[in-house]
Amino acid sequence: MRRAVVLAGGGYAASAWELGLITGMADAGLDVRNADRLVGTSAGARVALHLASGVAHADAYQRRLQPRPPSPEPPPVVDWVALRDGLARARHAGGAPAEILRRVGSLAVAAAAGRSGASRREIVAAQLPIATWPERDVRIVSVNADTGERRVFDRNSGIDLVDAVIATTASFGSPPVLFQGAHYFDGGYYSSDNADLATGCDRVMILALERPPGVPFPPVVSLEEGVKTLHDNGALVEVIRPDAATRAALAAAGGVMHPGISAPAATAGRVQGRRIVTERLSSFWQ
């Protein structure tokens with residue numbers, strides 16, 4: 001039996017909650033590091049690399065409880081009103097997913113004009129638990145800004161691991177990554193989870209933070225579409241979302257976009273993870 005863990009995006013809230021959830025599951029005796037495939041999109045890619053790294057859950061969890069230091073990067077200068085209008089036009093113009101995302105990609109490249117991203121590369125490299133691709137089936141998702149096509153990076157793609165992580169997290173706060181003559185940006189614009197990339201596995205666990213209302217550009221492919229693809233290919237699927245207690249903790253902390261969200265998200269996730277093993281996961285993953 002082949003198993004996969006799909007780790008969706010959603011900023012600091014998603015990565016902290018997912019890490020807390022995984023730690024809580026391990027507390028209860030279920031350690032998903034034995035998954036055969038790890039699919040990470042945007043912030044979820046960082047959690048996928050944690051699972052592949054062998055770093056103790058407790059160590060990574062404790063780091064999430066510490067206050068986040070101020071970023072050494074200056075904040076990007078972006079006309080957010082114009083950007084939101086541009087994203088709305090890109091979506092409403094319609095067409096196939098690649099056509100829509102090609103328009104988004106042109107906005108991402110234009111917004112990053114004049115920024116090299118060199119400092120961001122140093123920051124991301126220092127944050128990752130490993131420096132090179134692991135000998136595991138880890139898939140990190142990005143979008144080709146020039147064609148709008150989804151691109152899945154793995155250890156055979158020829159891209160440096162740090163650059164793959166920067167690409168999958170490159171929204172409008174950091175420049176797209178230039179690789180093999182093309183620009184790559186956040187894979188979450190295609191799908192927040194890219195669950196279909198777990199096709200071929202028998203059991204698939206999807207950790208998906210609910211997107212806050214008012215997101216200017218929802219992904220062009222939904223989680224439900226990815227789950228249907230998995231079911232159609234014979235997989236058993238468990239989708240795990242924040243429970244009521246976790247949602248309340250996130251709301252009390254100021255919502256998923258609040259900069260201080262990591263500690264409450266990780267704490268709530270750990271409690272949820274401990275509980276759901278006996279409720280719904282122990283027989284599913286074994």
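Modeller: Gladly; one term to begin with: contact means heavy atoms within 4.5 Å. This is a predicted model, in which local features need pLDDT of at least 70 and side-chain atom pairs count only at pLDDT 80 or more, while totals for chains, interfaces and linings use all residues. Residues are numbered from 1 along each chain as its sequence is written, and side-chain values use heavy atoms, with hydrogens and water left out.

Biologist: Which residues does Thr246 touch, not counting residues up to four places away in sequence?

Modeller: Thr246 lies in helix 9, residues 244–252 (helices are DSSP runs of H or I with at least four residues, strands are E runs of at least two, and both are numbered from the N terminus). Thr246 is buried, with a relative accessible area of 1%; buried means under 20%, exposed over 50%, and partly exposed in between, with a 1.4 Å probe and protein chains only. Leaving out residues up to four places away in sequence, Thr246 touches Trp17, Ala268, Gly269 and Gln272.

Biologist: Is Arg150 buried or partly exposed?

Modeller: Arg150 lies in strand 4, residues 150–153. Beyond its neighbours within four places in sequence, Arg150 has contacts that include Val141, Tyr190 and Asp196. With a relative accessible area of 24%, Arg150 is partly exposed.

Biologist: Why are the buried residues of helix 4 on the same side?

Modeller: The buried residues of helix 4 are Leu83, Gly86, Leu87 and Ala90. An α-helix has 3.6 residues a turn, so residues three or four places apart point the same way. The arc is that of the directions from the helix axis to the C-beta atoms.

Biologist: What do the buried residues of helix 5 pack against?

Modeller: In helix 5, residues 97–111, the buried residues are Ala98, Ile100, Leu101, Val104, Gly105 and Ala108. They cover an arc of only 150° around the axis, which puts them on the same side of helix 5. These buried residues pack against helix 4 (80–92), strand 3 (138–144) and strand 6 (182–186).

Terms used. The expected span of a helix is 1.5 Å times one less than its number of residues.
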